[in-house]
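Let's take a friendly walk through a protein model. Have the sequence and the 3D view ready as you read.

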Amino acid sequence: MIKATIKTNRGDMAFELKPEAAPKAVENFVTHAKNGYYDGLIFHRVIKDFMIQGGDPTGTGCGGESIWGKSFEDEFSIEERNYYGALSMANSGPNTNGSQFFVVQAKSVPDQLLAQMEQLKDQGYPQEVIDKYKEVGGTPWLDFHHTVFGQLIDGEGVLEDIANVRTGMSDKPVYDVVIETIEIEE
């Protein structure tokens, strides 16, 4: 198991990374973390009941690049979904992954969306996925649009604390939420 601990000025969040599902995204994240790329960056976008986003050296949501110096392709897995606590690649459209990532913080899925998912069962939408979204929450509308490459295993209280910070324009926290460092254990 590869474990990544995002150490912030609000506490630590630990994630199990998923190289079998998203090898390039994991390699990119791990390499950036080991090289100190994320050290001192902020979570520049926080939307309560949705997600927290970081990994942009400009702090604007418009910057950052992959370890390859260019965008890389999406990696979608039928097993990895944007459940609560998912660590996913932020992008600006298909195959535009760079350095930015987000953590899903939605604790529930809107009832209307769950009903739509239930209607898709006859077309092969998996019941276990519907049940898991009902149980833990998440953002199913992001599945197969954003690469999921990790899952929160410790630090839910820190995720909730960050999600509750006061934000200003462009959902940017009024007081910086800083990624001090990201530790990798392999």
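Predicted model: local features only at pLDDT ≥ 70, side-chain atom pairs only at ≥ 80, totals over all residues.

**A buried aspartate**

Does aspartate 74 have a partner of opposite charge, or no salt bridge? Aspartate 74 is buried yet has no salt bridge, and the nearest side chain of opposite charge, lysine 24, is 11 Å away. The side chain of aspartate 74 does join that of asparagine 97 through a polar contact of 2.9 Å. Leaving aside residues up to four places away in sequence, aspartate 74 touches Asn91, Pro94, Asn95, Asn97 and Thr147.

Now look for the open sheet of eight strands, whose order is 3-4-6-5-7-2-1-8 with antiparallel pairing. Strand 3 (43–47) and strand 8 (179–185) are the edge strands, each pairing on one side only. On average, neighbouring strands are turned by 25 degrees against each other, direction ignored.

Five of its seven residues are buried, so strand 1 is largely enclosed by the rest of the structure. Strand 1 runs antiparallel to strand 2, and seven bridges join them; the two form a hairpin with two residues between them. Strand 1 also pairs with strand 8 in the antiparallel sense, over six bridges. Alanine 4 shows both pairings: alanine 4 stands opposite phenylalanine 15 in strand 2, and its bridge partner in strand 8 is isoleucine 184.

Elsewhere in the sheet, strand 4 (residues 51–54) and strand 6 (residues 101–104) pair in the antiparallel sense over four bridges. Here glycine 54 has phenylalanine 101 in strand 6 as its bridge partner.

**Helices on the sheet**

Helix 1 (residues 23–34) lies across several strands, including strand 1 (2–8), strand 2 (11–17) and strand 8, and runs at about 120 degrees to strand 8. Helix 4 (residues 156–163) packs on the sheet too, and its direction makes about 120 degrees with that of strand 2. Which residues of helix 4 are buried? They are Val158, Leu159, Glu160, Ile162 and Ala163. What covers them includes strand 1, strand 2, strand 3, strand 4, strand 6 and strand 7.

**Salt bridges**

Side chains of opposite charge can pair when their charged atoms come close. How many salt bridges does a search of the whole structure find? The search finds nine.

| Pair | N to O distance | Residues apart |
|---|---|---|
| Glutamate 186 and lysine 34 | 2.4 Å | 152 residues |
| Arginine 81 and aspartate 143 | 3.5 Å | 62 residues |
| Glutamate 156 and lysine 107 | 3.3 Å | 49 residues |

Are the residues of these pairs buried or exposed? Glutamate 186 counts as exposed at 65% relative accessibility, and lysine 34 is exposed with a relative accessible area of 53%. Arginine 81 is buried, with a relative accessible area of 3%, and aspartate 143 is buried at 7%. Glutamate 156 is partly exposed at 40%, as is lysine 107 at 46%. Finally, Glu118, Lys121 and Lys134 are linked in a network of salt bridges.

How values were computed
Residues numbered from 1 in each chain as written. Heavy atoms only, no water. Pairing = 2+ DSSP bridges. Axes fitted to C-alpha atoms, helices over the stretch in contact; angles between N-to-C directions. Contact = heavy atoms within 4.5 Å. Buried < 20%, exposed > 50% of the residue type's maximum accessible area, 1.4 Å probe, protein only. Lys, Arg positive; Asp, Glu negative; His and termini not counted. Salt bridge = Lys/Arg side-chain N within 4 Å of Asp/Glu carboxyl O. Polar contact = N/O pair within 3.5 Å; in protein donor to acceptor, adjacent residues only side chain to side chain.
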